[in-house]
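Colleague: I am new to this structure. Could you take me through the labels and say what each one rests on?

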Amino acid sequence: MSFDISNLKTEFIKKEYKVNSKELPERGTNFVNEEITLILSSKKTALGFEIFGKLKASIGYECVRCLKNIVLMTNLPIKLKFDAKKNSFSEYDNDIIVYDLMDEEFKIKNMIADMLELAKPNNALCKEDCKGLCSKCGIQLDYESCKCNRTHINNPFDKLKFL
């Protein structure tokens, strides 16, 4: 997906774009629905223009405790500033993209793929109180209770109980 720079310079409000997840570069993201929705607005600034809005996608994860497949709706804010001058921003502005006035289009596919991959939760859970799997027999403890004798698990920290 690419944006025509001349269209971005004209202001628009809440314009909806659909992106197919197959068009994005591979980052390891597991898309449940191939359609990604971008709802964007554009505004002129003194040195260029600004794009802001939301990115919505359904992404599949695996629960870190019970390994169950779950689907989470990702709803990310987007805020990008396009500036024609290279030295017009400070080192703390990390959302500014410097563009050449001669460029006719700006490709956003890599940026979308990166944003979705970086938004992945570190520890995706199917539910907050997920009990996970038994470390001995592998039974899912949310649905069944196992009959394993877990008191004899070799734990190197057991020696600290006697201090």
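**Labels and their grounds**

Modeller: The structure has zero disulfides. Keep in mind that this is a predicted model.

Colleague: What makes Cys63 buried?

Modeller: Buried means under 20% relative accessible area. Cys63 has 1%, so the label applies.

Colleague: And why is Cys137 called partly exposed?

Modeller: The partly exposed class lies between the buried limit of 20% and the exposed limit of 50%. Cys137 has a relative accessibility of 39%, so Cys137 belongs there.

Colleague: Which residues make the nonpolar surface patch?

Modeller: Phe157, Leu160 and Leu163 make it, with an area of about 410 Å². Phe157 sits in the segment after helix H2, which covers 109-118.

Colleague: How do you know that Phe157 is exposed?

Modeller: Exposed means over 50% relative accessible area. The value for Phe157 is 57%, so Phe157 counts as exposed.

Colleague: What is noted about the backbone of Lys14?

Modeller: Lys14 is not a glycine, yet its phi is positive, at about 45 degrees. Most residues other than glycine have a negative phi. Lys14 is placed in strand E2, residues 12-20.

Colleague: Is Lys14 called buried or exposed, and why?

Modeller: The limit for exposed is over 50%. Lys14 has 65% relative accessibility, so Lys14 is exposed.

Colleague: Where is Leu67, and what is its phi?

Modeller: Leu67 is in the loop between strand E4 (48-62) and strand E5 (69-83). Its phi is positive, near 65 degrees, and Leu67 is a residue other than glycine.

Colleague: What makes Leu67 partly exposed?

Modeller: Exposed requires over 50%, and buried requires under 20%. Leu67 has 48% relative accessibility, so Leu67 is partly exposed.

Colleague: Which residues of H2 are buried?

Modeller: Ile112, Ala113 and Leu116 are buried in H2.

Colleague: Why are the buried residues of H2 said to line one face of the helix?

Modeller: Looking down the axis of H2, the buried residues fall within an arc of 95 degrees, so they line one face.

Colleague: What do the buried residues of H2 pack against?

Modeller: They pack against E2, strand E3 (35-44), E4 and E5.

Conventions:
Residues are numbered from 1 along each chain as its sequence is written. This is a predicted model: local features need pLDDT of at least 70, side-chain atom pairs count only at pLDDT 80 or more; totals for chains, interfaces and linings use all residues. Side-chain values use heavy atoms; hydrogens and water are left out. A disulfide is a pair of cysteine sulfur atoms within 2.5 Å. Buried means under 20% relative accessible area, exposed over 50%, partly exposed in between (1.4 Å probe, protein chains only). Patches are made of residues with over 30% relative accessible area and no salt bridge: like charges are joined within 9 Å, nonpolar side chains (Val, Leu, Ile, Met, Phe, Trp, Tyr) within 5 Å. Accessible areas come from the Shrake-Rupley method with a 1.4 Å probe; for residues, only the protein chains shown count as cover. A salt bridge is a side-chain nitrogen of Lys or Arg within 4 Å of a carboxyl oxygen of Asp or Glu. Helices (H or I, at least four residues) and strands (E, at least two) are DSSP runs, numbered from the N terminus. The arc is that of the directions from the helix axis to the C-beta atoms. Contact means heavy atoms within 4.5 Å.
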